[in-house]
Amino acid sequence: MSASQSYESICLPIEFMNALSRSQDLNETLNLISYWLPKIIESDRASVCLGNRPDETLEVYALFGNNAIKAKTILPVNGTMVGRVYESKTLEIQNNLKESKDLDCIRLYQGGINSCIDAPLQKLDNCFGTLNIGRLRKNAYQPQDAILLDCIANWLANYLHSQMEISVQKRRAETDPLTETSNRRCLTSVGNEMFIKWKRDHQSFSMIMIDIDNFKRINDCYGHNAGDQVLINFSRAVSKVIRKSDLFFRIGGEEFVILAKDSEASISKHAERIRKTIEEMNVQYDNHTINITISCGVTTVHSDDETLECVYCRADQALYQSKKNGRNMTTIVLAQA
């Protein structure tokens, strides 16, 4: 489609429309949009930014082409062209980025981009992100291109907003409201996916099952509000010590699970690091200092395992041994007895 064409109607590729209709989640949709935009309006790069209202920032969630500003980059709302479009809910076209003082435009120019357009993504007068396209050459875009991008953004905004709402509801359904960790439902879903990858691609994983020792005594001595504070502080402490690749779940009461990509040789050491971190912490509540310890049961997926439940039961067996042998310890069971 020529950049100088007059747009009295919009013709979008059927393949793009079909791909959007088959999209399974928000990330896939965002990547599809960034991939297809340069094919609809001739461009050397396309990106989708979504806003983080509390932080007053935007994040590049999807990118195709020139990576002068890479995917996952966090951009401030203040001092950027994309931020101004986001705040004003008004499209901007810039055909000579060399003259711009906006942070994002400077970075684009340094990466070889000389022209760009930003269009707001908005639903019911609420802007939640932007579409951005860029060209290597200067004075590349005409007003007709801006009109087309604005129309596409308005059309896609409804679709994206619906998917974002679904993503939010899904995240709420899979998150423990007290500790803000993932819940048992999420463990089942994610764990089964990991088990399938293990069977198919031999991508090994391990499980650490954790129980806060004598938790009932904490509730009886200090009250359930104190118990809730212990759970919150414990979850925050664990979240800080685990790796980005680890997955952390509250499965009920004072019981938690970590799924990790560790091998048999390293998983017990990782569990011990977590146990020692909790042993050294304390919780301040209503002029009381509450010290806690945890018991850990550890196992690694095994060739004889037929389902995720096999791994879960073995980790539970190891946890039982830790509690039986005096608590505040880690027990590892690596294969079926």
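Arg135 counts as buried, with a relative accessibility of 9%; buried means under 20% relative accessible area, exposed over 50%, and partly exposed in between, with a 1.4 Å probe and protein chains only. The model is predicted, so local features need pLDDT of at least 70 and side-chain atom pairs count only at pLDDT 80 or more, whereas totals for chains, interfaces and linings use all residues. Residues are numbered from 1 along each chain as its sequence is written, and side-chain values use heavy atoms, with hydrogens and water left out.

The side chain of Arg135 forms a salt bridge with that of Asp44, a salt bridge being a side-chain nitrogen of Lys or Arg within 4 Å of a carboxyl oxygen of Asp or Glu. This pair links distant parts of the chain, 91 residues apart: Asp44 lies in the loop between helix H2 (26–40) and strand S1 (45–52), and Arg135 in strand S6 (residues 126–135). Helices (H or I, at least four residues) and strands (E, at least two) are DSSP runs, numbered from the N terminus. Asp44 is partly exposed, at 30% relative accessibility.

By the rule above, the count comes to 16 salt bridges. The table gives three of these pairs.

| Salt bridge | N to O distance |
|---|---|
| Asp44 and Arg135 | 3.3 Å |
| Glu92 and Arg84 | 2.7 Å |
| Asp211 and Lys323 | 2.7 Å |

Between Asp211 and Lys323, the salt bridge ties together parts that are 112 residues apart in sequence, because Asp211 lies in strand S7 (residues 206–212) and Lys323 in helix H10 (residues 308–324). Asp211 is buried at 5% relative accessibility, while Lys323 is partly exposed at 24%. Salt bridges with shared partners also join Glu42, Asp44 and Arg135 into one network. In the pair with Glu92, Arg84 is partly exposed, at 34% relative accessibility.

## The chain as a whole

The secondary structure of the protein chain comprises 10 helices and 13 strands. The chain is more spread out than a compact globule, because its radius of gyration is 26 Å, well over the 20 Å that the globule rule gives for 337 residues. That radius is taken over C-alpha atoms, and the rule is 2.2 Å times the number of residues to the power 0.38. Along its principal axes, the C-alpha trace spans about 75 × 50 × 35 Å. Of the 337 residues, 45% are buried.
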